Amino acid sequence: MTDIGTAGAYALGDRTVKRMGYGAMQLAGPGVFGPPKDRAEAVAVLREAIAQGVDHIDTSDFYGPHVTNQIIREALSPYPGNLTLVTKLGARRGDDASWLPWSEPANLVQGIEDNLRNLGVEALDVVNLRIMGAIHAPGEGSIADKFAVLAEQQKKGKIRHLGLSNATSKQVAEARAIAPIVCVQNMYNLAQRGDDALVDELAGLGIAYVPFFPLGGFVPLQVETLSQVAADLSATPMQVALAWLLQRAPNVLLIPGTSSRAHLAENLAAAELKLPAEALAKLETIGRPA
């Protein structure tokens with residue numbers, strides 16, 4: 001059994017979570033839409049993650065939509081006392097599975113209620129405002145009015161902590177002027193290094209950085225150098241890519257997702273993989289800041 005605690009822990013609001021977590025996006029059907037092909041396996045994956053020590057799960061009610069949160073509730077409720085569930089608001093799914101903005105004040109309030117109902121909780125541990133931007137890349141623009149809605153819901157006790165997803169450094173500053181944030185979730189991986197400066201900025205502020213698509217997302221990482229380093233270390237390329245993120249900065253929290261218990265075990269094993277200096281030097285040649 002992998003000791004995921006080997007990778008350390010980091011503060012997420014008033015909790016300290018293990019840096020190796022789990023992302024629930026892939027528990028929904030193909031394209032993160034509709035029900036999974038094997039709901040029993042989806043439930044089993046979540047239970048196995050908890051059994052392996054995972055205490056940080058990332059989700060959203062627009063995965064499915066509603067499907068992922070409902071599976072989490074079925075699998076894990078009543079929830080372990082040390083489990084932190086992180087969700088996000090600001091988008092919805094069209095009938096054609098498209099990803100659409102959904103961030104007007106009434107939308108955000110409804111989204112909070114949907115998450116509370118489908119997860120079966122009285123308050124949400126962490127809610128990230130998902131800024132649509134260019135879907136998988138942030139775009140500048142004020143988020144104050146949207147973030148203020150979440151801050152008001154936090155004051156009402158429906159949200160414990162706030163964060164941002166797909167955000168720029170300026171938007172982080174704008175949000176922090178309204179209410180504290182505990183995490184930022186952006187696209188970042190070995191080959192997509194545009195957020196290098198933001199990772200370091202947030203580390204200095206004591207704010208967690210949570211890469212989405214840590215393994216490339218819908219276009220998995222396929223780099224010859226990565227494969228060579230993995231072969232030298234008797235590891236898989238994906239394990240090396242996750243281990244690199246863990247060694248990138250102490251405030252990085254990982255949420256690799258899968259709908260397979262076998263793949264879950266492979267991902268979690270990256271927590272014990274230490275990359276030597278020679279391997280890190282080779283991997284640094286793959287991605288550069290945009």
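User: Over how many bridges do strands β4 and β5 pair?

Analyst: In this predicted model, local features need pLDDT of at least 70 and side-chain atom pairs count only at pLDDT 80 or more, whereas totals for chains, interfaces and linings use all residues. Residues are numbered from 1 along each chain as its sequence is written, and side-chain values use heavy atoms, with hydrogens and water left out. Strand β4 covers residues 56–58 and β5 covers residues 84–89; the two run parallel, and two strands pair if DSSP finds at least two bridges between them. The number of bridges here is three.

User: Which residue of β5 stands opposite His56?

Analyst: Strands are DSSP runs of E with at least two residues, helices are runs of H or I with at least four, and both are numbered from the N terminus. β4 takes in residues 56–58. The residue of β5 that stands opposite His56 is Thr84.

User: What is the strand order of the open sheet?

Analyst: The sheet has seven strands with parallel pairing. β3 (22–23) and β11 (208–212) each have a single partner strand, so one side of each is left without a neighbour in the sheet. The order is β3-β4-β5-β8-β9-β10-β11.

User: Which residue of β10 stands opposite Ser165?

Analyst: Strand β9 (residues 159–165) runs parallel to β10, and three bridges join them. Four of the five residues of β10 (residues 183–187) are buried, so this strand is largely enclosed by the rest of the structure. Buried means under 20% relative accessible area, exposed over 50%, and partly exposed in between, with a 1.4 Å probe and protein chains only. Opposite Ser165 stands Gln185.

User: Is Gly13 buried or exposed, or in between?

Analyst: Gly13 lies in the loop between β1 and β2 (15–18). Not counting residues up to four places away in sequence, Gly13 touches His161 and Val182, where contact means heavy atoms within 4.5 Å. The C-alpha atom of Gly13 is separated by 16 Å from that of Lys88, 75 residues apart along the chain. Because its relative accessibility is 34%, Gly13 counts as partly exposed.

User: Which residues does Gln239 touch, not counting those up to four places away in sequence?

Analyst: Gln239 is found in helix α8 (residues 237–248). Its relative accessibility is 13%, so Gln239 counts as buried. The residues touched are Glu266, Ala269, Ala270 and Leu273.

User: Which residues is Thr2 in contact with, leaving aside neighbours within four places in sequence?

Analyst: Thr2 lies in the segment before β1 (9–12). With 16% relative accessibility, Thr2 counts as buried. Its contacts are Gln52, Leu268, Ala269 and Glu272.

User: What radius of gyration does the protein have?

Analyst: The protein holds 10 helices and 11 strands, and its C-alpha atoms fill a box of roughly 55 × 40 × 40 Å along the principal axes. The radius of gyration is taken over C-alpha atoms, and the globule rule is 2.2 Å times the number of residues to the power 0.38. For 290 residues a compact globule would have a value near 19 Å, which agrees with the protein's 18 Å.

User: What percentage of the 290 residues is buried?

Analyst: Among contacts with a separation of 6 or more, 74% come from residues 24 or more positions apart. The buried share of the 290 residues is 54%.
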